[in-house]
Amino acid sequence: MTDQSFNRKEHLKNVSIIESIFSDGKSFAVYPIRLIWVKSLLYKTTPTFQVAFTVPKRKFPKAVDRNRIKRQITEAYRLNKNILFSKIPPDNIHQWAMIFIYTGKKNPNYSQIEKGMVTILDRLKLGDRPGK
RNA sequence: ACACUUUGCUGCUCUAUCGCGGUUUCAAUCUUGGAUUGGAAAUGAGGAAAGUCCGGACAACGUAGAGUAUCACACCAUCUAACGGAUGGGGUUCUGAGUUUUCAGAAUACAGAAAGUGUCGCAGAAAAUAACCGCCCCCAACUUGUUGGGGGUAAGGGUGAAAAUGUGCGGUAAGAGCGCACGACUUAUCAUGGUAACAUGGAAAGUGGAUAAACCUUGUGAGUUGAAAUGCCAUGUAUAUUUCGAUUCUCCAACUUGUUGGAGACUGGGUUGCUCGCCUAGCUGAAUAAGGUCGGAAGGGGUAGGCAGAUAGAGCCCAAAAGUGAUUUUGGGUCUAGAUAAAUGAUAGAGAUUUUGUUUUCAAAAUACAGGAUCCGGCUUAUAGGCAGAGUGUUUGG
RNA sequence: GGUCCGUUCGUCUAACGGCUAGGACGCCAGGUUUUCAUCCUGGUAAUAGGGGUUCGAUUCCCCUACGGACUG
């Protein structure tokens, strides 16, 4: 049985970490989602992955649309995050902070978002990247 | 019955699994408080939550007072915590019916142009002290019906959004509210009705073009700033640094003879934007040095976590009574989000409504506008479908 | 959350409540040139939307839409 909960601690809230992600984070995109992330040393109090979700206000001016897209992305992450946990190396000393940005232009359906989320989580390599 | 207009109400439903926010409760671990993890229960976004166009509650600052500026509002009464909101009424304008007296509906920033200033393009003689043409009178000249000069006159003149109170009679050289009759309008006034706005009627004076969503005048009201207000706790730090200004003078009294006290001027600061007024400061020192203090500006360092504010209230529902109504009173019942990088979603199934195809069946698609952020009362704007009421028109039947 | 400002040809801008809404850069057509550029001539094209005040609105007032600035 996999863990499907999504607590408040797993939300990314620290302002300085978010600014560092936007200034020197690494990114790639799978339609309709773009992922930006940064890796740092592990603290004991915070969980391994901290995640935030945003939708640009320029493309979706109404708050109803933005809320719905954020909820759907959150749901897709919650149901598929065991892909990430299964890829953690055994002697892990790092933690990851990630931001998912919705880059599409229309209101999506959930199946599209879930497909993009699964491929993103598959493609993200957590192990020892040689360039690091 | 259908169509249109308008007003009000409503704003898809249920089940299972996983997951999120706060509340209550149970268990475990660490334990001073308390924190973390897990389980359970009930619960969790609107009529506009929106725009931020008004009004309040609440909070901070200010709080002897006066004047003025600035801003807002402007028929009357009532309602309300308050309002630029609502209800009822009045006036004006428009539309329809009907017809000369009304009825119905809609709109209405609806104080003052007779306090003053400004503006009124083009056209037109003239756009606000109206004589260009025309009409009339007097004088002069001669070519004897024209010219020139002086004066009177707003009845007529192709314009314009607007042309000096309309029609008729009298009157006059020609004319003119110059006079009269019937009207129109304005001002202050009297009587009746009405709480009042106002209506009706009488007598008097008068005829003043429009524009105040031009300046303005009158009346009424408003202190300023807004939950990023504000209070407390924790963490952290630097009363750092630079620069500008002020720290003055006179008089009186006392004695301890250079100090103290009082009064005044001046300067700085506070006092709602300004003024007066009020409060307060002007130290050490021989010194224009130096230090201290006060005020302004520049610039820097730190934190960016938690609690309160913050959800029981001008609350919601039902009934009765008062009132034309907005609304109020009384009685009973009820507790119903409280987040802070910010909680409502996904999957599966069933049903409801609408549309399309097919037409017993069935299949597919869609289900509006839109998401709390301190809280209320309004206004404005967006809104699929459904329900109810009113009005108008058409058709059918009696 | 709060306070305030603005919207004029495709772009940048001007305007006393009063003429056909002016100018520059563009674009189009013609001319000049062997051709292109430059230059000359002409044309095109706008008051964010709705309502009101006024004889008359880009201008004054109200509502809506959009854009922007400030505020810890």
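This is a predicted model: local features need pLDDT of at least 70, side-chain atom pairs count only at pLDDT 80 or more; totals for chains, interfaces and linings use all residues.
Is Lys13 buried or exposed? I started my notes with that one. Lys13 has 10 other C-beta atoms within 10 Å, and 12 or fewer counts as exposed, so Lys13 is exposed.

**Entry: around Lys13.** I found Lys13 in the segment before H1. Then I checked how far its C-alpha atom is from that of Gln50, and got 8.6 Å.

**Entry: the overall layout.** I went through chain A and noted 4 helices and 4 strands. Reading along the sequence, I wrote down the pattern α-β-β-β-α-α-β-α. Chain A has 132 residues, and buried ones make up 16% of them. I also looked at contacts between residues at least 6 apart in sequence: 83% of these join residues at least 24 apart.

Next I looked at E2 and E4, which pair in the antiparallel sense over 9 bridges. For one spot in that pairing, I found Val38 opposite Ala97 in E4. A reminder to myself: strands of a sheet pair through backbone hydrogen bonds, either parallel or antiparallel.

**Entry: the core.** I looked up the largest nonpolar core and found 17 residues in it. The ones with the most contacts inside this core are Ile33, Ile73, Met98, Phe100 and Met117. Strand E2 (33–41), strand E3 (49–54), H2, strand E4 (94–102) and helix H4 (110–123) each supply at least two residues of the core. E4 gives the largest share, 5 residues.

Leaving out residues up to four places away in sequence, Phe100 touches Ile33, Leu35, Phe53 and Ile73. I also noted the general background: in soluble globular proteins, nonpolar side chains tend to be buried together.

**Entry: the RNA side.** How many residues surround RNA strand B? I noted 22, and the closest are Gln4, Ser5, Arg8, His11 and Val64. Helix H1 (15–24) and helix H2 (63–80) each supply at least two residues of the surface near RNA strand B. H2 gives the most to this surface, with 8 residues. By kind, the residues of the surface divide into 8 nonpolar, 6 polar and 8 charged.

**Entry: a loop residue.** Last, I looked at Ile93, in the loop between helix H3 (82–86) and E4. Why does Ile93 count as exposed? Ile93 has 7 C-beta neighbours inside 10 Å, and the cut-off for exposed is 12 or fewer, so Ile93 counts as exposed. I also checked its C-alpha atom against that of Thr48, 45 residues apart along the chain, and the separation is 9.4 Å.

Terms used
Residues are numbered from 1 along each chain as its sequence is written. Chains are lettered from A and ligands numbered from 1 in the order in which they are written. A residue is buried if 20 or more other C-beta atoms lie within 10 Å of its own, exposed if 12 or fewer, and partly exposed in between; C-beta atoms are placed from the backbone. Two residues are in contact if their C-beta atoms, placed from the backbone, lie within 7 Å. A residue is near a molecule or strand if its C-beta atom, placed from the backbone, lies within 6 Å of it. Ala, Val, Leu, Ile, Met, Phe, Trp, Tyr, Cys and Pro count as nonpolar, Asp, Glu, Lys and Arg as charged, and the others, Gly among them, as polar. A nonpolar core is a set of buried Ala, Val, Leu, Ile, Met, Phe, Trp, Tyr and Cys residues joined through C-beta atoms within 7 Å. Two strands pair if DSSP finds at least two bridges between them.
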